[in-house]
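Please consider the sequence and the model shown below. The paragraphs that follow proceed from the overall composition to a particular set of strands.

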Amino acid sequence: PSKPTSVSTSTSTSTSTSTARHSKSTSTHLTLSLVLPKHLSSNLIHVDIHPTYISIIIKSKVLRLKYPCEIEVHSEQSTAERSMTTGHLLIVMPIMKVEVDGNGNDNYHE
């Protein structure tokens, strides 16, 4: 079994401990992989994805992470998949790109 580790960086806030293994960003997607116990019921996991942060509740313990830098994601197009063999949770979130035009207005592009 994996040992719980605290997840806290200058760009994220954690209110509990978790077994977050890694997160990475490609040019179009932000990926978060959580190592969870294989026999933990999926009914005890709740994922809430927002444009600037993600909140994951596991057995009434909250893990809340703010996305790095100025990244915003499409919460309604994001996916969360759990492996039936390992129990790992993989969350893939499409990044919404932000561009600032000459007038200082933000233009969001997919």
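What pattern does the protein chain follow when read along the sequence? The chain reads β-β-β-β-β-β-β-β-β-β-β. In this predicted model, the protein chain accordingly contains 11 strands and 0 helices.

The overall figures describe how these residues are arranged. Of the 110 residues in the protein chain, 32% are buried, where buried denotes a relative accessible area under 20%. Contacts across the sequence can be considered next. Among contacts between residues at least 6 apart in sequence, 44% join residues at least 24 apart. The protein chain exposes about 7,200 Å², and carbon and sulfur atoms supply 52% of that area.

Strand 5 comprises residues 45-49 and strand 6 comprises residues 53-58. These two strands pair in the antiparallel sense, with 5 bridges between them. A hairpin of 3 residues connects strand 5 to strand 6. Within this pairing, V47 has I56 of strand 6 as its bridge partner.

Strand 6 also pairs with strand 7, which spans residues 61-66. This second pairing is likewise antiparallel and extends over 6 bridges. Here Y53 stands opposite K66 of strand 7. The hairpin of strand 6 and strand 7 has 2 residues between the strands, and in this hairpin K59 takes a positive phi near 50°.

Terms used: Residues numbered from 1 in each chain as written. Predicted model: local features only at pLDDT ≥ 70, side-chain atom pairs only at ≥ 80, totals over all residues. Heavy atoms only, no water. Helix = DSSP H or I, 4+ residues; strand = E, 2+ residues; numbered from the N terminus. Buried < 20%, exposed > 50% of the residue type's maximum accessible area, 1.4 Å probe, protein only. Contact = heavy atoms within 4.5 Å. Areas by Shrake-Rupley, 256 points an atom, 1.4 Å probe, with all protein chains shown as cover. Pairing = 2+ DSSP bridges.
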